Amino acid sequence: MAFTPGPLVRAKDWLVRRPSAFTLLLIVALCAVVGGINPVFFQMSNLFDMARACVVVGLFALGVLIVLAAGGLDVSFTAIAALCMYAITKAVLRYAPGTPIAVILLAGAVGGALLGALNGLLVHALQTPSLIVTIGTQYLYRGLLLTFVGTSLFMNIPASMEAFGTLALIDRVSAQGTRSVLPAFVLVLAAATALTWWLLNRTLMGRAVFAIGGSLSIAQRLGYRLRTVQVFVFAYAGLLAGVAGIVHVSSNRMASPFDLHGMELDVIAAVILGGARITGGNGTVAGTLLGVVLVTLVNNVLILVGVPSTWQKVIVGSFIVLAGAFFAIRRSR
């Protein structure tokens with residue numbers, strides 16, 4: 001007589017096969033707890049603020065995802081973003097203050113892609129773990145920024161960047177007088193999400209990324225070129241970092257060379273919580289975005305229920321350990 005698993009066993013098996021669903025459950029549980037303690041959490045203005053906070057982190061996370069999927073690890077993306085955003089803002093203010101935002105975003109993308117491609121070339125040429133290389137280039141890029149570009153804070157930014165940062169998709173005022181604004185730059189994250197999904201799931205390069213991350217020796221026997229893939233994934237991560245830097249300046253309406261430093265672990269945590277393996281060959285865009293939402297929730301809304309900000313890292317770390325144990329069960333099956 002065949003054994004029929006019960007509902008709990010089937011639910012557990014379903015979760016094990018879908019790691020992003022586990023992250024979604026953590027998000028739902030956290031929202032239920034925070035919303036139960038403080039119903040203000042569910043106000044539209046707060047939800048729009050959450051969406052705003054997810055944009056830059058989400059752009060970084062999509063870049064980290066594609067590098068992780070190829071078996072690498074990049075920690076230089078915040079330095080790339082800082083160098084691109086500050087240098088481009090300074091150059092536009094000095095030489096072409098009327099530059100359209102589309103051109104500025106393109107400049108950020110190109111500058112970030114070039115710096116990221118340098119990471120990929122160094123990783124391949126030195127045959128050194130990408131973590132070591134990108135730690136070095138992180139210091140290099142920040143050193144170049146602070147030494148040769150500048151250290152002063154810009155409170156005035158180009159008019160097109162300021163207009164882009166204040167442009168709203170939705171702008172409503174409730175009966176209680178609360179203003180809810182969904183900024184237009186969330187569309188940048190939406191476009192980057194669609195592009196990353198297409199690259200990973202509908203192109204030969206996406207297959208190469210997962211193949212090399214899964215098993216380098218097998219991928220090389222199948223004809224995939226390691227150098228091409230490494231340069232591409234780091235260039236793509238740099239491209240998204242450059243765009244994220246421009247979005248950061250536009251949304252905050254100021255440019256500081258010291259911004260974004262220290263976000264690396266939060267971004268990597270978001271990708272890992274989304275189900276990507278640190279060893280490569282795995283990961284999804286949907287899971288990564290769920291990880292971004294979870295980390296952003298922890299970093300932005302726990303104050304609503306009276307949790308001190310010093311506990312944020314503790315909670316994120318606990319989620320990572322919990323997710324790691326869950327994914328270990330998944331691999332053992």
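Cys-31 counts as buried, as its relative accessibility is 17%; buried denotes under 20% relative accessible area and exposed over 50%, with partly exposed in between (1.4 Å probe, protein chains only). The structure is a predicted model, in which local features need pLDDT of at least 70 and side-chain atom pairs count only at pLDDT 80 or more, whereas totals for chains, interfaces and linings use all residues. Residues are numbered from 1 along each chain as its sequence is written, and side-chain values use heavy atoms, with hydrogens and water left out.

The cysteine closest to Cys-31 by sulfur position is Cys-54, at 11 Å, which is too far for a bond. With a disulfide defined as a pair of cysteine sulfur atoms within 2.5 Å, the count is zero. Cys-84 is also buried, at a relative accessible area of 5%.

A nonpolar core is taken as a set of buried Ala, Val, Leu, Ile, Met, Phe, Trp, Tyr and Cys residues joined through side-chain atoms within 4.5 Å. The largest such core contains 97 residues, and Leu-59, Phe-60, Val-209, Val-233, Val-247 and Leu-297 have the most contacts inside it. Helix α3 (residues 44-69) supplies the largest share of this core, 16 residues. Helices (H or I, at least four residues) and strands (E, at least two) are DSSP runs, numbered from the N terminus. Contact means heavy atoms within 4.5 Å; leaving aside residues up to four places away in sequence, Val-209 touches Ile-66, Ala-69, Ala-70, Leu-200, Val-229 and Val-233.

Buried positions in α6 are Ser-130, Val-133, Thr-134, Thr-137, Gln-138, Tyr-141, Arg-142, Leu-145 and Val-149. These lie on the same side of α6 because they cover an arc of only 155 degrees around the axis, the arc being that of the directions from the helix axis to the C-beta atoms. Their cover includes α4 (77-95), α5 (101-126), α11 (226-252) and α12 (264-273). Exposed Ile-132, Tyr-139 and Thr-147 are carried on the face turned away from the buried side of α6. Gly-150, with a positive phi near 155 degrees, follows the helix.

Strands β1 (residues 168-173) and β2 (residues 179-183) pair in the antiparallel sense over five bridges, where pairing requires at least two DSSP bridges between two strands. Arg-172 has Ser-180 in β2 as its bridge partner. The two strands form a hairpin with five residues between them, and Gly-177 in the turn has a positive phi of about 90 degrees.
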